[in-house]
Amino acid sequence: MKLSQFGKKFSQQAGIISLMEDLGNALADGNLIMMGGGNPGFVPEVESALRESMHRITEDEAAFRRLVGVYDPPQGEKSFVKAMARLLRERLGWPVGPEHIALTNGSQSAFFMLFNMFAGDFDDGTRRRILLPMTPEYIGYADAGLSEDFFVSAKPVIDELTPHTFKYRVDFAALPLDDSIGALCVSRPTNPTGNVLTDEEMRHLSEIARERDIPLILDGAYGLPFPSLVYTDVKPFWDDHLILCLSLSKFGLPAARTGIVVAHPDIIRAIASINAIMNLAPGSLGAMLVTEMVDSGQILSLSEQVVRPFYQARSQRAFRQLNEGLAGLPYSIHVPEGAMFLWLWLKDLPITSLELYERLKKKGVLVVSGHYFFPGLQEPWEHTHQCLRITYSQDEALVEKGLRLLAEEVHAVYAVSPSQG
Ligand SMILES: Cc1ncc(COP(=O)(O)O)c(C=O)c1O
């Protein structure tokens with residue numbers, strides 16, 4: 001098979017491919033404890049609201065026909081787009097209308113479109129890149145560029161808050177800002193660390209983007225205003241050069257593949273055009289299932305009163321268990337501020353995090369090696385091989401067992417090392 005550069009680039013082994021394969025295999029293989037992927041948990045109240053909504057649609061002939069038998073416009077399902085604009089305008093005070101919103105088949109595909117709109121080769125012969133201001137950052141960005149050398153990123157400042165907790169902060173002084181930056185992108189909360197950028201960090205990043213007249217892409221897949229997996233006191237963020245990417249996945253609809261881009265109408269028109277070329281239209285399922293929840297504001301109340309407490313309780317429990325299991329070892333956990341992950345830093349780890357991942361997999365526990373989460377980082381940094389991402393969204397008894405097995409294995413790894421402390 002003779003492949004083009006595109007064909008080769010997108011079929012070679014990429015972090016996100018091995019992650020999704022592991023995830024799929026683990027869910028198929030009942031023996032592996034799945035603490036690797038970003039699959040949301042199953043929240044009973046959300047499931048029942050969605051089931052009711054599905055029931056209403058299937059009972060209504062016209063609605064059912066629209067659900068399965070009609071292509072939406074390339075900007076996405078009209079009533080949903082209208083309801084979403086109204087929600088953002090009325091509940092959050094953002095100056096947006098339907099012309100500021102487009103849907104995509106999952107927010108993952110929105111990142112592919114946006115990154116390649118703002119980075120790559122330009123007409124004037126220049127080449128631009130996407131700046132990820134703070135690694136660790138989401139593995140799913142890493143291979144989304146159509147050209148090589150697509151991302152540039154920076155190491156964070158590490159604040160050691162207690163002997164066994166730390167927090168990453170954006171190192172503004174170290175940001176590699178030059179004319180080759182086409183856009184900034186951050187996830188808030190951050191996958192993989194559970195970090196939530198502070199309001200001040202957001203303002204500062206936004207200011208940098210405004211000064212340079214480039215967009216700031218804000219990945220709110222876990223964030224505000226929904227699904228609201230945020231456990232610190234921060235505000236939803238909006239600015240007129242912001243491109244906010246939201247998703248219905250972590251609210252409980254990953255299979256419906258619904259991404260929501262909120263941005264300047266010029267950007268929305270471009271997204272709609274790319275949608276038309278790549279997909280004809282985005283799928284309607286997610287949008288139709290939640291339009292009434294958006295209309296009534298229930299998507300916000302469910303997020304704040306049900307979805308967030310569901311994950312926050314799991315986060316606290318997993319955090320406690322991991323601390324108990326690792327007592328006596330030189331470990332630190334990123335303060336769990338959001339999302340559905342614990343980010344574990346094993347200081348002076350005698351093997352690499354990838355080797356540890358393999359050993360854990362043999363014991364039946366699937367996590368993700370931290371080294372994948374530093375896209376665009378040019379300099380070597382041993383920290384990148386000392387971290388694991390642990391997902392706590394699945395069945396609590398299994399997570400508890402997985403954390404126990406993980407702690408045993410980590411003790412065994414340090415036991416052969418003089419650096420145990
Ligand atoms: C930070 C982040 N952004 C975006 C996505 C993409 O999600 P989706 O394509 O399901 O909207 C994910 C998925 O796990 C994620 O973790």
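Which residues in H3 meet Leu302, Val306 and Val307 in H10? Select Glu45, Val46 and Ala49, because these are the H3 residues on that side of the contact. Keep in mind as you look that this is a predicted model.

**Stop 1: H3 against H10**

Now extend the selection to the whole of helix H3, residues 44–59, together with H10. The two helices pack with their axes 9 Å apart, at an angle of about 140°. Angles over 145 degrees would count as roughly antiparallel, and the angle found here makes H3 oblique to H10.

**Stop 2**

Next, colour the protein chain by domain. Domain 1 takes in 5–45 + 302–409, while domain 2 covers 69–296. Their C-alpha centres lie 23 Å apart. Where the domains touch, 40 residues of domain 1 are in contact with 40 residues of domain 2.

To see the domain 1 side of that contact, select helix H2 (15–28), helix H10 (298–325), strand S12 (331–334) and strand S13 (341–346); these are the elements that give two or more residues to it.

**Stop 3: H5 against H9**

Select helix H5 (residues 78–92) and helix H9 (residues 285–296). Their axes come within 9 Å and cross at roughly 30°. H5 and H9 are therefore roughly parallel to each other, and H5 passes H9 in a left-handed crossing. For the contact itself, show Ser79, Phe80, Ala83, Met84 and Leu87 on H5, then Ala287, Thr291, Val294 and Asp295 on H9. These residues divide into 6 nonpolar, 2 polar and 1 charged.

**Stop 4: the ligand**

Centre the view on the ligand. How many residues surround the ligand? There are 14, and the closest are Gly38, Gly106, Gln108, Ser247 and Ser249. The shell around the ligand has 10 polar residues, 3 nonpolar ones and 1 charged one.

**Stop 5: backbone details**

Last, switch to a view of the backbone. Most residues other than glycine have a negative phi, and most peptide bonds are trans.

- Thr135 and Pro136: the peptide bond from Thr135 to Pro136 is cis, with omega near 0°. You will find Pro136 in the loop between strand S4 (127–132) and strand S5 (151–153).
- Arg188 and Pro189: these two are joined by a cis peptide bond, with omega about -5°. Pro189 sits in the loop between strand S8 (181–187) and helix H7 (199–212).
- Leu280: phi is near 65° here, a positive value in a residue other than glycine. Leu280 lies in the loop between helix H8 (265–279) and H9, and H9 is the helix you saw crossing H5.

Notes: Residues are numbered from 1 along each chain as its sequence is written. This is a predicted model: local features need pLDDT of at least 70, side-chain atom pairs count only at pLDDT 80 or more; totals for chains, interfaces and linings use all residues. A residue is near a molecule or strand if its C-beta atom, placed from the backbone, lies within 6 Å of it. Ala, Val, Leu, Ile, Met, Phe, Trp, Tyr, Cys and Pro count as nonpolar, Asp, Glu, Lys and Arg as charged, and the others, Gly among them, as polar. Domain bounds come from an automatic or database domain assignment. Two residues are in contact if their C-beta atoms, placed from the backbone, lie within 7 Å. Helices (H or I, at least four residues) and strands (E, at least two) are DSSP runs, numbered from the N terminus. Axes are lines fitted to C-alpha atoms, for helices over the stretch in contact, and angles run from 0 to 180 degrees between N-to-C directions. Angles under 35 degrees count as roughly parallel, over 145 as roughly antiparallel, 65 to 115 as roughly perpendicular and the rest as oblique. A crossing is left-handed if the near helix is turned anticlockwise from the far one by less than a right angle, and right-handed if clockwise.
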